[in-house]
Amino acid sequence: MCTCITYDNGDHYFGRNLDLYYSYHETVTVVPRNYPLEFRHADTEVHHPAMIGMAFVCDGYPLYYDAVNEYGLAVAGLNFPGEAVYAKHDAGEKSSKGKEVKMDIAVFELIPWILSRCHTLAEARELLERTRLTDEPFSPSLPVTPEHWSVADATGSVVVECTKSGMHVYENPTGVMTNSPDFSYMLTYLRQFRHLSPDEGEGTFSDKLDLPVYSLGMAGYGLPGDLSSPSRFVRATFMRQNSISDGTEDGNVSQFFHILGSVAQTRGSVRIGDGKYEITIYSSCMNLEKGIYYYRTYDNSSIHAVDMHRENLNGTEVKTYPLKDSFEVNFQN
């Protein structure tokens, strides 16, 4: 399971926790403007915006988990088990008016599809209206993953979900996305916690009883603390909505990782059987304006960064940076 957030404080930020029990040895991956991006049923994008993100590069293809392009448009794919339903590709299918139906795009292609063709969230929404997601796997050894997506830029964010009732694009006023159930459920569930506050305020239990607080933070009593998707959604939304940082790059990035840290998974807390446990493999934070990809890993909590604009963005080769995930201690004496 995973959590994705946006954060706005001067610059705009986007990132996520990747919660899994295994790793594909993903890398921070830069795709320059002239690296051909091939699609199963669409023309190859030979020239396109450069992009940076976390990906498993397989046979030269960047299977992105999350990424941002040079125009500040970002996309992340999160697990959506039990809910995701995709179309079957039919090369001969036509609409009732005899025109071609929406462009078929395989699930694994969606992130590069959007980031190679769009500069803004508005353009991404228009492209999604002309897109049909199909259940074609990348390869026999890499089957289709049930996913939904957060798409964002400086103007806002949307959630994209394909279910048995079709594709839905939801405006996201919270700037947070987790996993199943669907996003409409999450917004309804959030209403149950409308009474929570970062301020103590006045007690409302009874005007006949004096019930003084005995600890700071009691106005947030009832904030979910478990690791289920709805609880992480509520907790991350509360933390994000009440977050305060100094507006500097260092302060904003630090605060971003603190928000993600409030919903991170610790090894042993979520067991999936056979001695396997989900953990937060990495947390990421992308500055949408600067094109910087920050990350930290489960075993290395130092923040590392790759700046897209220090690369040759007119090149033709993918550049990858392995994650620094070895445990480190910096002694001060």
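1. Start with the pocket criterion. On a 1 Å grid over the protein atoms alone, a pocket is an open set of points where a 1.4 Å probe fits, with protein on both sides within 12 Å along at least five of seven lines; lining residues have an atom within 4 Å of a point. The model is predicted: local features need pLDDT of at least 70, side-chain atom pairs count only at pLDDT 80 or more, and totals for chains, interfaces and linings use all residues. Residues are numbered from 1 along each chain as its sequence is written, and side-chain values use heavy atoms, with hydrogens and water left out.

2. The largest pocket. It holds about 700 Å³ of space. Here a volume is the space filled by probe spheres set on the grid points, which are joined across faces, edges and corners. The lining has 31 residues. Tyr24, Tyr65, Pro143, Thr145 and Glu147 lie nearest the centre of this pocket.

3. Which elements line the largest pocket? At least two residues each come from β2 (11-20), β5 (61-69), β6 (74-79), α1 (110-117) and β9 (147-153). Helices (H or I, at least four residues) and strands (E, at least two) are DSSP runs, numbered from the N terminus. β2 gives the most, with four residues.

4. The classes are as follows: Ala, Val, Leu, Ile, Met, Phe, Trp, Tyr, Cys and Pro are nonpolar, Asp, Glu, Lys and Arg are charged, and the others, Gly among them, are polar.

5. The second largest pocket. About 590 Å³ of space lies here. Its lining counts 18 residues, and Glu200, Glu202, Gly203, Thr204 and Phe205 lie nearest the centre. Eight of the lining residues are nonpolar, six polar and four charged.

6. Helix α1. Is this helix enclosed or open? Seven of its eight residues are buried, so α1 is largely enclosed by the rest of the structure. Buried means under 20% relative accessible area, exposed over 50%, and partly exposed in between (1.4 Å probe, protein chains only). The buried residues are Leu110, Ile111, Pro112, Trp113, Ile114, Leu115 and Ser116. α1 also supplies at least two residues of the lining of the largest pocket.

7. The six-stranded sheet. This open sheet has the order β12-β1-β2-β15-β16-β17, with antiparallel pairing. Its edge strands are β12 (176-177) and β17, each pairing on one side only. Two strands pair if DSSP finds at least two bridges between them.

8. Pairings within that sheet. β2 and β15 (residues 279-287) are antiparallel over six bridges. Phe14 has Met286 in β15 as its bridge partner. Further along, four bridges join β16 (residues 292-297) to β17 (residues 304-307), again antiparallel. β16 and β17 form a hairpin with six residues between them. Tyr294 stands opposite Ala305 in β17.

9. Arg16 deserves a look. Arg16 is in strand β2. What is its relative accessible area? The value is 1%, so Arg16 is buried. Contact means heavy atoms within 4.5 Å. Not counting residues up to four places away in sequence, Arg16 touches Cys2, Thr3, Cys4, Tyr65, Asp66, Ala76, Gly77, Leu78, Leu260, Tyr282, Ser283 and Ser284.

10. Helix α4 (residues 229-241). This helix lies across β1 (2-9), β2 and β12, at about 15 degrees to β1. Axes are lines fitted to C-alpha atoms, for helices over the stretch in contact, and angles run from 0 to 180 degrees between N-to-C directions. Ser229 belongs to α4. Ser229 is buried, at 7% relative accessible area. Its contacts, not counting residues up to four places away in sequence, are Met1, Thr178, Asn179, Ser180 and Met186.

11. Backbone points to check. Most residues other than glycine have a negative phi, and most peptide bonds are trans. Ser180 and Pro181 are joined by a cis peptide bond, with omega about 5 degrees. Pro181 sits in the loop between β12 and α3 (183-190).

12. Positive phi. Asp59, not a glycine, has a positive phi of about 55 degrees. Asp59 is in the loop between β4 (51-58) and β5, and is exposed at 75% relative accessible area. Asp274 has a positive phi near 55 degrees. Asp274 lies in the loop between β13 (271-273) and β14 (276-277), and is exposed at 76% relative accessibility.
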